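Please keep the sequence and the structure in view while reading.

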Amino acid sequence: MSVAAQPLANDHAHEEGHHEPTFIEKYIFSTDHKMIAKQYLISGLIMGFIGIAMSMLMRLQLAWPNETFWIYEVLLGRFGEDGVMDPSIYLALSTIHGTIMIFYVLTAGLSGTFSNLLIPLQIGARDMASGFMNMLSFWLFFISCVVIVSSFFVEAGPASAGWTVYPPLSALPQAIGGSGLGMTLWLVAITIFVASSLLGSLNYIVTVLNLRTQGMTMTRLPLTIWAFFVTAIIGVVSFPVLLAAGLLLLMDRSFGTSFFLSDIYIQGEVLSYQGGSPVLYEHLFWFLGHPEVYIVLLPALGITSEIIATNSRKPIFGYRAMIASILAIAFLSTVVWGHHMFVSGMNPFLGSVFTFTTLLIAIPSAVKAFNYITTLWKGNLQLNPGMLFSIGLVSTFITGGLTGIILGDSTLDINVHDTYFVIAHFHLVMGISALYGLFAGIYHWFPKMFGRMMNKNLGYVHFWITAVGAYGIFFPMHFIGMAGLPRRYYKFTEFPYFDDLANTNILISVFAFITAGAQLFFVYNFISSIFYGKRAEQNPWKSNTLEWTTPVKHIHGNWPGEIPQVHRWSYDYSKLNKEETDYVIAGQDFVPQNVPLQEHEEEMDD
Amino acid sequence: MTALLIIIVAALLGITIWQISKIFKLSQPIESDDSQIATNKDNENQGKLFLVFIVFFYGLMLYSFWSLSKFYAPAASDHAEDYDQLFFISVALIMFVQVITQFMLHWFAFKYRGQKGRKAIFYADNDKLEFIWTIIPVITLSALIIYGLFSWSEIMNVEETDETLVVEIYAYQFAWRARYSGEDRTLGEANVRFIEGINQLGVSETDPYAKDDIITTVLHLPVDRPVLFKFRSQDVLHSAYFPFFRSQMNVVPGMTTQFGFTPTTTSKEIRNSDYMVDKVRNINEIRENNDNLGPDEKSYEFEYYLLCNKICGVSHYNMQMKIVVETEEEYQKWISEQQTFGELTAQN
């Protein structure tokens with residue numbers, strides 16, 4: 001299939017070479033995967049800026065709940081009058097912070113950027129299977145971004161029922177102001193987002209299956225591609241279920257159906273809803289919600305696998321085990337959603353089943369962590385900023401993953417459910433880890449995207465402050481969770497019992513401000529390097545994968561001549577020749593995938 | 001205010017470090033290599049920083065366990081002891097794994113930092129190793145799962161005996177009510193459609209079982225007697241969280257959920273425990289210095305509480321109910337003084 005498709009694609013590339021694209025074609029309605037990747041990246045980073053800024057406002061409020069800050073009035077307008085944050089806007093901030101970070105930054109920003117950039121480049125394809133669909137996917141994403149941000153300008157405020165938008169709170173404007181127009185906009189935004197995500201994912205799947213260059217078998221694919229490919233599959237399986245949940249919720253809200261509502265008395269009147277169940281919504285939501293964790297995390301792990309191997313100058317340890325783990329995680333991720341619902345009122349027997357499947361998922365995760373550590377062992381580590389973030393990811397993935405053993409155990413979940421323990425757990429294991437993956441990917445592939453290098457010293461400063469700060473925020477947070485501090489509380493001062501936790505909350509907030517401040521190093525580095533960074537050479541990290549065989553200057557169709565053929569897997573780093581006197585290619589510790597097997601050389605892993 | 005100072009100091013510190021590094025950079029002889037790829041020296045420095053970092057990280061973990069684990073709430077119900085034991089075993093296990101794996105990760109990052117001339121080993125696979133680190137998690141996790149599931153089924157399967165006290169916990173934006181079943185030990189029918197005037201919980205006025213029900217705003221529980229809670233909500237999802245009793249259950253409109261436990265420590269006993277005496281003294285010192293509090297708010301005495309732990313609206317952060325655990329005699333005395341539902345409706 002792929003062999004037959006290639007000559008056609010070649011001809012096409014030559015024809016296209018003569019046509020000079022207009023500004024709009026090149027930068028706005030571009031169908032080139034490299035440009036779409038950059039569009040995703042920059043929109044994702046802007047959304048990330050907004051999302052993190054929201055969390056800063058929340059941390060400010062939590063640390064000093066009874067003080068006034070002019071910044072509230074500046075940023076929140078009438079929800080921050082006289083420098084006092086309104087309780088309803090606190091809930092809105094936490095809702096939209098979650099929504100933006102999970103969907104817009106870590107799903108679209110991460111997967112959208114790197115799947116688009118790397119899938120065609122690393123499998124040796126001229127572009128995505130459908131460039132038009134790809135463009136459509138980005139523009140739907142962009143519209144969705146605009147809609148969700150615009151919900152902040154609605155009179156009664158944006159959606160405020162938590163990012164999980166459980167009904168009845170999210171269904172009844174009488175219950176909370178944000179469940180009016182703000183919630184409608186949330187549902188519209190997410191619906192468009194799901195459409196965008198599906199178009200993107202289907203494209204990734206088709207491209208990986210059909211457009212691999214000659215010799216690129218599935219077992220020669222870099223782990224990045226495996227991760228993006230499986231992520232896309234999980235997305236296709238689970239996102240439609242979210243759409244279904246959203247649609248039913250929309251009908252309950254607008255057309256008086258009772259899918260999720262029953263027996264409600266609010267503001268002096270009994271509503272006519274009868275027979276629905278919020279628990280049904282929870283099932284539907286978490287059927288997406290849990291795989292979503294892995295939709296966020298797997299691309300980060302894929303990126304890390306590639307960067308750790310390249311910078312360790314070693315093959316990734318246990319390539320096949322890594323693929324098996326990705327597949328196992330993907331499968332298990334769709335059968336563990338109930339661990340979010342141990343105390344939702346569902347049958348306790350179901351709780352037992354979900355405990356079992358949940359703890360199973362720890363096994364492939366452990367295998368991955370150990371494989372990363374072994375990959376470092378006896379390497380020759382090139383500690384570039386991308387590598388530091390990758391090592392950081394392994395660290396936070398372990399720390400955050402381990403506390404999952406507590407939350408996944410139905411018994412232990414009873415007392416830490418919906419406390420700050422959960423917040424600490426998922427921020428470390430998916431928030432910080434995935435962000436590290438995003439940063440690692442940006443530092444590593446910046447030369448490929450923009451043809452210039454990012455400043456490494458600024459990268460180092462960025463990493464170390466972030467690493468210290470992230471643990472400073474989230475490690476102590478476990479302990480206030482164990483004290484029984486509930487999440488989504490506007491302030492804790494109504495419970496004198498929590499008074500002695502206030503100092504810890506201040507500590508956490510101070511770390512949060514420092515960490516967020518450190519991101520400005522990145523912002524500066526990113527923007528200035530696009531324009532003034534040192535020009536990149538073709539293969540700065542001495543990497544094996546195919547993207548580094550393309551010229552620095554982007555061309556439509558990626559390779560000026562023939563598409564390179566692949567003769568080996570992507571991890572032949574520091575491989576010795578038969579006599580073990582020197583590397584396979586003398587004096588060079590890496591063998592790119594397009595180099596044919598040398599004489600007497602045995603292929604790894606086949 | 002001190003906190004603001006901390007921020008300013010931290011910010012200034014950051015700027016100082018930044019400026020120093022700038023000066024440092026400027027004072028360096030112009031390097032020929034400005035490729036922005038890690039050099040031998042970068043590898044050396046960053047490798048060492050990983051060592052510094054692991055010291056910081058271990059320090060942070062030690063500090064957290066040393067001075068924050070005291071926040072862990074004392075246990076006051078029958079299954080809480082079992083819960084705490086499973087919790088501590090799990091924490092011990094994960095901290096053991098955490099300390100070792102983090103050490104290996106950061107140590108390797110330091111030990112194998114790149115050096116000119118160093119050759120990395122070409123080491124792609126080892127079935128034995130991978131088998132080992134698959135099977136070890138399998139065994140440990142199996143043990144944890146089995147332990148956890150036994151506790152789970154014990155906690156969740158509440159058997160109703162003659163002794164069991166059945167109490168309905170009723171949630172609405174933003175408060176709780178308790179309804180006791182009265183002498184007939186059966187809760188009367190209830191539905192939101194019966195809510196009218198003084199009948200806030202929608203208890204059926206025609207159901208004979210409802211006549212002796214007792215509705216209160218404070219939850220009184222006799223010590224050492226199993227309680228079975230039936231949860232009902234009139235508007236949105238809430239979650240009834242009893243941290244000291246290691247209990248939590250969502251309160252779902254349209255259905256009744258349940259949870260049971262046996263309180264084992266009376267309010268008086270826990271108030272006089274060493275842990276609580278210390279804690280309350282500390283809290284009162286904090287409150288004494290808090291200028292935002294009025295004079296009558298300064299002094300705090302410990303009471304058990306029930307709080308809402310599922311986002312339910314603007315005042316979610318202040319949806320609580322006081323719980324009093326007392327001896328059987330005290331409880332009987334208290335309950336006999338309460339008005340029954342029948343008496344309540346008869347007044348109107």
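Contact means heavy atoms within 4.5 Å. By that rule, A:Y104 touches several residues, including A:G44, A:M47, A:F141 and A:F193, when residues up to four places away in sequence are not counted. The model is predicted: local features need pLDDT of at least 70, side-chain atom pairs count only at pLDDT 80 or more, and totals for chains, interfaces and linings use all residues. Residues are numbered from 1 along each chain as its sequence is written, and side-chain values use heavy atoms, with hydrogens and water left out.

**Nonpolar core**

- A nonpolar core is a set of buried Ala, Val, Leu, Ile, Met, Phe, Trp, Tyr and Cys residues joined through side-chain atoms within 4.5 Å, where buried means under 20% relative accessible area (1.4 Å probe, protein chains only).
- The largest such core has 291 residues, and A:Y104 and B:L219 touch the most other members.
- At least three residues of this core come from each of domain 1 and domain 2 of chain B.

**Domains of chain B**

- An automatic or database domain assignment supplies the bounds: domain 1 is 38-115 + 123-156, and domain 2 is 165-347.
- Their C-alpha centres lie 38 Å apart.
- The contact takes 15 residues from domain 1 of chain B and 17 residues from domain 2 of chain B.

**Salt bridge**

- One salt bridge is counted between domain 1 and domain 2 of chain B; the term denotes a side-chain nitrogen of Lys or Arg within 4 Å of a carboxyl oxygen of Asp or Glu.
- B:R246 and B:D84 meet through their side chains in a salt bridge (2.8 Å, N to O).

Methods
Chains lettered and ligands numbered in written order. Buried < 20%, exposed > 50% of the residue type's maximum accessible area, 1.4 Å probe, protein only.
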